[in-house]
Amino acid sequence: MSETKVSFKVCPKFQKTFGILGKKWNGLIIEVLLNEGPQRFKELAQKVEKCSDRVLVERLKELEKEDLVERITPENSARAVYQLTVRGEDLRDIMQDIHIWSEKWYSLEDCN
């Protein structure tokens, strides 16, 4: 009796999700917004230290397009703030799992 081997195929939904979260700076932006709440651009730029302003603008636009982040201009302010959408907030458990994994497998020395 011959068995046909079914080849593994990565789900397109997983590929899309990993493409978003795996893109440089996106995870850090999401992490700041999860932990610090709504942020002005300059506040985000200070917390995602090594990301240039140009790249930060690009990443925020991409995250907005994916409905993970929204840009809001409060009524009595000319300065916009960025905050997570419900969809973005739903990443909290995933980000916590990444924290647990990184604590287990990396030391601070590994990060230098």
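Colleague: Which residue stands opposite Arg71 in β3?

Modeller: Arg71 stands opposite Tyr82 in β3. Please note that this is a predicted model, in which local features need pLDDT of at least 70 and side-chain atom pairs count only at pLDDT 80 or more, while totals for chains, interfaces and linings use all residues. Residues are numbered from 1 along each chain as its sequence is written, and side-chain values use heavy atoms, with hydrogens and water left out.

Colleague: Which residue stands opposite Ile72?

Modeller: Val81 in β3 stands opposite Ile72. β2 and β3 (residues 81–84) run antiparallel and are joined by 4 bridges; strands count as paired if DSSP finds at least two bridges between them.

Colleague: What is the strand order of the sheet?

Modeller: The order is β1-β3-β2, in an open sheet of 3 strands with antiparallel pairing. β1 (39–40) and β2 (69–72) are at the edges with a single partner strand each, so one side of each has no neighbour in the sheet.

Colleague: How many bridges join β1 to β3?

Modeller: There are 2 bridges between β1 and β3, which run antiparallel. Gln39 has Tyr82 as its bridge partner in β3.

Colleague: Which strands does α2 lie across?

Modeller: Helix α2 (residues 26–36) lies across β1, β2 and β3, and runs at about 90 degrees to β3. Helix α4 (residues 53–65) also packs on the sheet, where α4 touches β2 and β3; the direction of α4 makes about 110 degrees with that of β2. Contact here means heavy atoms within 4.5 Å, and angles run from 0 to 180 degrees between N-to-C directions of axes fitted to C-alpha atoms, for helices over the stretch in contact.

Colleague: Moving to the whole chain, how many helices and strands does the protein chain have?

Modeller: The protein chain has 6 helices and 3 strands, taken as DSSP runs numbered from the N terminus (helices H or I, at least four residues; strands E, at least two). The radius of gyration, over C-alpha atoms, is 18 Å, well over the 13 Å of the globule rule for 112 residues (2.2 Å times the number of residues to the power 0.38), so the chain is more spread out than a compact globule.

Colleague: What does the C-alpha trace span along its principal axes?

Modeller: The C-alpha trace of the protein chain spans about 75 × 35 × 25 Å.
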